[in-house]
Amino acid sequence: MKLLLIDRDSTDLSGIRWFLHTYFPGDVTIEISTTINEALQSIQQFEPEVILLNIDLFSNNRLTALYRVLQKHSGTILAMTTEPLFKNALKAIDLQVAHLFVKPIDLEVLKQKLTAISLRTTKAEAVYQDATDESFYYQLFLDSKTSSLESNIHFAMIEPEHSEMFNKLYNWLQQTPIFYSMKIYPLSERIVCLFQTNDLKIVEKDVRTLMKEWRLTNNSSLNIGIYDREPTTMKNMYTLTKRALHQSFYEGYGHIFYASKQLETQPLDPLLTPEEQQLLISSLEDGNIEAVKAFLYRLSNEGIYYEQDDLRIHLTSVLAQIRRFMLKYKLHEKAAIEQNYRQLFHLIIEYPIFYTILNGIISFTQRLIELAREARMEKRADYVELAIEIIDQQFQDNGLSLPYVAHKLGISPNYLSTIFSKKQGLPLKRYLQQVRIQNATKMLVETDFAISEIAYLNGFDDSNYFIKIFKQHIGITPHRYRKT
């Protein structure tokens with residue numbers, strides 16, 4: 001196996017290379033690149049089968065030569081990052097990485113991932129060399145007018161519930177009696193089966209038998225895709241059958257999917273709107289787990305489906321709001337909670353079943369709500385930061401006041417007033433006025449709204465009182481400020 005390591009930290013890369021050379025079973029050739037230019041050159045000349053790169057190398061503007069090359073890379077990409085943040089999850093999903101590590105890398109997990117890749121590659125090459133029809137893989141991946149299947153053959157694909165069972169599945173298929181009525185060709189994650197019959201009912205009977213026997217002997221499930229449309233090229237049959245198997249994201253495992261029955265996906269904005277962010281944060285602050293469930297379960301309405309990548313990005317955007325909630329109550333300082341958060345991050349971007357991801361988010365969120373409630377009771381939360389957030393979000397409400405904020409936080413107004421003034425150097429009322437006036441100055445410059453309307457939109461019922469407070473803070477009246 002040829003492995004390329006890409007990171008600016010040469011010390012980390014040297015440690016990884018030493019570990020893999022010492023413990024990795026089989027031959028592995030490793031090259032290191034510490035700059036983007038070196039990486040581009042290594043990919044072109046070294047032609048790595050696997051790339052492990054630090055995804056932090058890419059800024060939010062990912063229009064770089066290396067990024068474009070990686071998007072076209074035919075091998076496996078593994079990635080690492082310093083922090084499991086939303087922006088890094090987005091990059092990982094975009095590059096279709098097989099696994100995203102959080103530094104420091106768990107070398108045993110890296111070893112397991114590379115071992116699985118190595119075994120699959122070796123097996124696929126061996127079968128390819130021994131195959132009676134060596135043109136099969138060319139027909140599968142390249143367009144060809146002559147690559148249609150014969151009329152007495154049916155195309156199908158099998159994928160195991162657990163990726164680590166792939167090699168066992170391939171060996172098991174070779175040993176089953178049904179193997180004699182079909183040819184099998186391993187890919188990276190699925191196995192193509194060519195059934196030697198033109199009768200679809202026989203194929204359905206055989207695959208049901210396969211699924212049942214595999215379940216009994218291995219306590220695991222299979223998904224099988226069957227091409228049941230008009231004859232076409234091998235590549236088209238592969239593409240349509242693979243797309244049908246994507247339904248497992250919603251349906252789970254233990255199913256037969258037909259190429260003629262494709263899911264119709266609806267558009268989904270992968271990023272949360274400001275209103276959705278506010279709804280989610282409010283639900284967390286209020287400890288309303290039912291509202292959180294309703295927010296998430298709207299993504300799983302019966303008969304409505306979205307593209308996998310859009311859903312995963314959307315859920316990492318949800319996780320970003322949950323992270324904010326954790327930081328407010330200092331829950332990230334709990335080692336077990338931080339570890340669970342990182343596990344949930346990986347669950348969202350990697351796990352193959354949608355409902356498992358949803359349940360994982362709900363379970364984690366419920367635990368956070370309980371811990372936040374305890375933090376409030378024990379007064380371990382940063383109430384000043386929480387108060388500032390309430391003000392920043394609700395300053396336009398003319399009913400916002402010190403007693404309201406204190407009630408929202410579950411503490412006394414006197415206690416909030418004392419700690420706020422001590423930390424911020426000014427009373428809460430004065431801070432609220434500053435936020436309102438700052439937003440008003442922006443509206444005076446950027447809009448043609450009347451002074452009275454600007455006052456109302458910034459929490460002032462009385463425009464004369466607004467003018468008085470504005471002059472106290474800015475030094476001139478709103479009319480004069482607008483003219484300057």
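Let me start with Arg298: at a relative accessible area of 24%, Arg298 is partly exposed. For the cut-offs, buried means under 20% relative accessible area, exposed means over 50%, and partly exposed is in between, with a 1.4 Å probe and protein chains only. Before I go on, this is a predicted model, where local features need pLDDT of at least 70, side-chain atom pairs count only at pLDDT 80 or more, and totals for chains, interfaces and linings use all residues. Residues are numbered from 1 along each chain as its sequence is written, and side-chain values use heavy atoms, with hydrogens and water left out.

So who does Arg298 pair with? It forms a salt bridge with Glu276, closest N and O atoms 3.4 Å apart; by salt bridge I mean a side-chain nitrogen of Lys or Arg within 4 Å of a carboxyl oxygen of Asp or Glu. Arg298 sits in the loop between α12 (289–297) and β12 (305–306), and Glu276 in helix α11 (residues 274–285), 22 residues apart. Helices here are DSSP runs of H or I with at least four residues, strands are E runs of at least two, and both are numbered from the N terminus. Glu276 is partly exposed too, at 21%.

Next pair: Asp286 and Lys408, at 3.5 Å, N to O. Asp286 is in the loop between α11 and α12, while Lys408 is in helix α17 (residues 402–409), and 122 residues separate them. Asp286 is exposed at 51%, and Lys408 is partly exposed at 37%. There's also a network of salt bridges with shared partners, made up of Glu285, Arg324, Lys328 and Glu389. In total the structure has 13 salt bridges.

One more: Asp7 and Lys103, with closest N and O atoms 2.6 Å apart. Asp7 is in the loop between β1 (2–6) and α1 (10–23), and Lys103 in the loop between β5 and α5 (107–130), so this pair ties together parts 96 residues apart in sequence. Asp7 counts as buried, at 3%.
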